[in-house]
Amino acid sequence: MTHVSPWATDDLDDLRGLVRSFFEKTVAPNVDKYVDQHHVDRDLWNQAGELGLLCMSIPEEYGGGGGTFAHEAVLIEEQARVGDSSWGVSLHNGIIAHYLLAYGTEEQKQRWLPKMASGEVVGAIAMTEPGTGSDLQSIKTKAIRDGDDYVIDGSKTFITNGSQADLIIVVVKTDTSEGAKGISLVLVEGDREGFRRGRVLDKIGQRGQDTSELFFDGVRVPVANLLGTEEGQGFIQLMQQLPQERLIIAVASVAGMESAVAQTIAYTKDRQAFGRPVFGFQNTKFKLAEAATETRIARVFVDDCIVKHLTGELDIPTVAMAKWWTTDRAMSVLDECVQLFGGYGYMSEYPIGRMWADGRVQKIYAGTNEIMKEIIARSL
């Protein structure tokens, strides 16, 4: 029952071999260490940059690989296959770099993208605040113009790559009297005076990811750090880029489902109970048949979304469907897999339990699944 994605090519197959080797040799042996220290080793970024695994979908003129979203999808899938949730590489590659590519000035692109591609600079985006989650129009962080500078005050939370980021795209209000029309995106370097990193947050899952609090106390940045040609474009920019972020989550969810099902099939065929393999019981076979079917359906749907995205035809409601449905089904499949592992499924020494805990947040971030259903409903 081998499935070949319609967007796969010989070039991508070669890339997958390189990426799989990198994750198996460099990342997988250190997953426990990343979890214990709540962040990846900083030089992981540099090693990936040397291999050309950063900013693969960014044009070569800016130091990238000149590839497409399909190249990023290969990386996302192979990361999920080894069960790593610590390294915020899909955010760096598929989100931060693309905000710069889409809205940055030529000077901003030339300054930052080559360094992101080499691993010299790690990127993050600061949207969420302690009092605002999916309701981005209600953010309080402000950037007030003062001569040739913006002065930024406020706080952010749940920021992926927060403790290691060298460049942060900060969602701010440049006009506090407006709602969505008052939102702008401003680049803040990690060494600016008044910028402070808070604690790495103690999460239920994805414990190796340095999800952090960030604080801005009178941080001055040049007006030239505005992302875009004018103030007030931030909300539109976010809405234009969020679909790719949601597709990234859907790709990771499907790859995680596939890995979980494969691990559970292998475990139940090896594990003995009442004198025969656990796979020998009808309940086990039926549960795995259901999980395999749901996983295949999710794969075909996401593959179709990737194909459409590569040709510029993926619409916002469809990617919202992909995000909510794959993350919801992934948790269902993972829960069944944990059950089939029995008590060992609840032990952190088995990847399946960690995958279950790591996967839960996918129903929340990049817009909750309830928000996804609202988006879908508006199109009906």
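Predicted model: local features only at pLDDT ≥ 70, side-chain atom pairs only at ≥ 80, totals over all residues.
1. Thr141 sits in the loop between β1 (123–126) and β2. Thr141 is buried, with a relative accessible area of 1%. That value falls under 20%, which means the residue meets the cut-off for buried. Its side chain has a polar partner: the side chain of Glu129, at 2.8 Å.

2. Glu189 belongs to strand β5, residues 183–189. Leaving aside neighbours within four places in sequence, Glu189 is in contact with Arg111, Trp112, Asp166, Phe195, Val221 and Asn225.

3. Glu189 also has a charged partner. Arg192 forms a salt bridge with Glu189, and the closest N and O atoms are 2.7 Å apart. The side chains of Glu189 and Arg192 are listed as a polar contact too, at 2.7 Å. The two partners fall in separate accessibility classes: Arg192 is partly exposed at 24%, while Glu189 is buried at 6%.

4. How many salt bridges does a search of the whole structure find? The count is 24. Side chains of opposite charge can pair when their charged atoms come close. One of the pairs is Asp146 with Arg220, where the closest N and O atoms are 2.4 Å apart. This pair links distant parts of the chain. Asp146 is in strand β2 (residues 142–146) and Arg220 is in strand β7 (residues 212–222), 74 residues apart.

5. Asp146 counts as partly exposed, at 40% relative accessibility. Arg220 counts as partly exposed as well, at 37%.

6. Another salt bridge joins the side chains of Asp328 and Arg329, at 3.0 Å from N to O. Asp328 has 21% relative accessibility and counts as partly exposed. The cut-off matters here: buried means under 20%, so Asp328 does not qualify as buried.

7. Some charged residues go beyond simple pairs. A network of salt bridges links Arg16, Arg20, Glu24, Glu77, Glu78, Arg81, Glu258, Arg299 and Asp303. Arg16, Arg20, Arg81 and Arg299 are the arginines in this network. Glu24, Glu77, Glu78, Glu258 and Asp303 are its acidic members.

8. Which residues make the nonpolar surface patch of about 430 Å²? They are Tyr344, Tyr346, Met347 and Trp356. Trp356 lies in helix α10, residues 351–359. At 30% relative accessibility, Trp356 counts as partly exposed.

9. On cysteines, the whole-structure search finds 0 disulfides. A disulfide is a covalent bond between the sulfur atoms of two cysteines. Cys55 is buried, at 0% relative accessibility. Cys305 is buried too, with a relative accessible area of 1%.

Methods. Residues numbered from 1 in each chain as written. Heavy atoms only, no water. Disulfide = S-S within 2.5 Å. Buried < 20%, exposed > 50% of the residue type's maximum accessible area, 1.4 Å probe, protein only. Patch = residues over 30% accessible without salt bridge, like charges linked within 9 Å, V, L, I, M, F, W, Y side chains within 5 Å. Areas by Shrake-Rupley, 256 points an atom, 1.4 Å probe, with all protein chains shown as cover. Salt bridge = Lys/Arg side-chain N within 4 Å of Asp/Glu carboxyl O. Helix = DSSP H or I, 4+ residues; strand = E, 2+ residues; numbered from the N terminus. Polar contact = N/O pair within 3.5 Å; in protein donor to acceptor, adjacent residues only side chain to side chain. Contact = heavy atoms within 4.5 Å.
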